[in-house]
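Hello,

Here is the structure you asked about. Please open it first, then read the notes below.

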Amino acid sequence: MKQREGAEAVAEATSGEDEGDGAGAVVSLGDGWDTDDRSSAGRRPEDEAGRGVVAAFGQTMKTLRVREGLEREEFGRRLGYSASTIASFEQGRRIPSARTIERADEVLGAGGLLCLWKEQVERAQYPAFFQGMASLEKQAMELLVYDTLVVNGLLQTEEYMRTLLTMRRPPLKQDTIEQRVAARLTRQDLLDREPAPLLSFVMDESVLRRRYGGTDVQRGQLEHLLLIGQKRNVELQVMPLSCVESAGVDGPFTVVVRHDGKQFAYAEAQGNSALETDPSRAALAASRYGIIRSQALTPRESMAFVEGLLGSL
């Protein structure tokens, strides 16, 4: 299998102009064991590039604010943020949402200048190992997701997200946690996008039973799954522990089907990720997912299972 590293290779593989030449798996080494220390030898170049984008955007926004004669307090009031948050945006310590960028562009009379940064700033929200997948999700016509360790990020409540991120070792900085929570919440716009993508999730029963963060966090997460399960473009299924056969023994993965019909398979572990671009291998992953889905409880049975688990808390 031909393998390439880094954000450049991932961007090439996920480009809408990719012809599917069977290049194989794009491997991106992430920050799973990075301490978020700028001086760390393990800091990936693409992380630094992302920081550079955010810092440049912040400087641009500050320049426009000063040009308009607005103090941070007044600018923040118009955007709905404190002066300290505006300072964080301008200094590149926090990443604004796309909606915030649009509003800032309007308030500062930038004529679309700030909006030109939206795509680059959005990409910089994600850890390097996930940036390629984040781009693919936005192009997805269909997602097939199998999880064995935690609830998928597209289905997580904010409390569940924070719980997982604060459990990371080495610990993440608080600013990094806030950034990743915001990015994960932004990803969830996919659930309500029009035209609606087809979303299928199968998760092991053990995922639902783990009490990460305590009973209240677990209860909120289960209630959230019941609500999402009512969406017409979403199917949630549970692989029960009692199942004697499972085609998912190799672990969690996601299959993305793009609007042009091209399929990709994605998997990650310990902060590393692999994006399979070879059509035949991606098709095999999709076939494997079909078997997993047939072995799991039906969506109706799965919702009843979640309700029962919720009632037992």
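**What was found**

Leu 227 has its place in helix α11 (residues 215-228). Helices here are DSSP runs of H or I with at least four residues, strands are DSSP runs of E with at least two, and both are numbered from the N terminus. Leu 227 counts as exposed, at 56% relative accessibility. The cut-offs are these: buried is under 20% relative accessible area, exposed is over 50%, and partly exposed is in between (1.4 Å probe, protein chains only). The C-alpha atoms of Leu 227 and Met 303 are separated by 9.8 Å, and the two residues are 76 residues apart along the chain.

A word on the source. This is a predicted model, in which local features need pLDDT of at least 70 and side-chain atom pairs count only at pLDDT 80 or more, while totals for chains, interfaces and linings use all residues. Residues are numbered from 1 along each chain as its sequence is written, and side-chain values use heavy atoms, with hydrogens and water left out.

**Helices α3 and α4**

The axes of α3 (residues 72-79) and α4 come within 8 Å and cross at roughly 95°. Axes are lines fitted to C-alpha atoms, for helices over the stretch in contact, and angles run from 0 to 180 degrees between N-to-C directions. That makes α3 roughly perpendicular to α4, a label for angles of 65 to 115 degrees. From α3, Arg 72, Glu 73, Phe 75, Gly 76 and Leu 79 meet Ala 83, Ile 86, Ala 87 and Glu 90 in α4. Contact means heavy atoms within 4.5 Å.

Ser 88 also lies in α4, which spans residues 83-90. Is Ser 88 buried or exposed? Ser 88 is buried, with a relative accessible area of 7%. Leaving aside neighbours within four places in sequence, Ser 88 is in contact with Arg 93 and Arg 94.

**Helix α5**

Which residues of α5 (residues 98-107) are buried? They are Thr 100, Ile 101, Ala 104, Asp 105 and Val 107. These cover an arc of only 165° around the axis, so they sit on the same side of α5. The arc is taken from the directions from the helix axis to the C-beta atoms. The face turned away carries the exposed residues Arg 99 and Glu 106. Gly 109 follows α5, and its phi is positive, near 60°.

**Strands β4 and β5**

β4 (residues 198-204) and β5 pair in the parallel sense over six bridges. Pairing requires at least two DSSP bridges between two strands. Ser 200 has Glu 235 in β5 as its bridge partner. Five of the six residues of β5 (residues 234-239) are buried, so β5 is largely enclosed by the rest of the structure.

Best wishes

How values were computed:
Angles under 35 degrees count as roughly parallel, over 145 as roughly antiparallel, 65 to 115 as roughly perpendicular and the rest as oblique.
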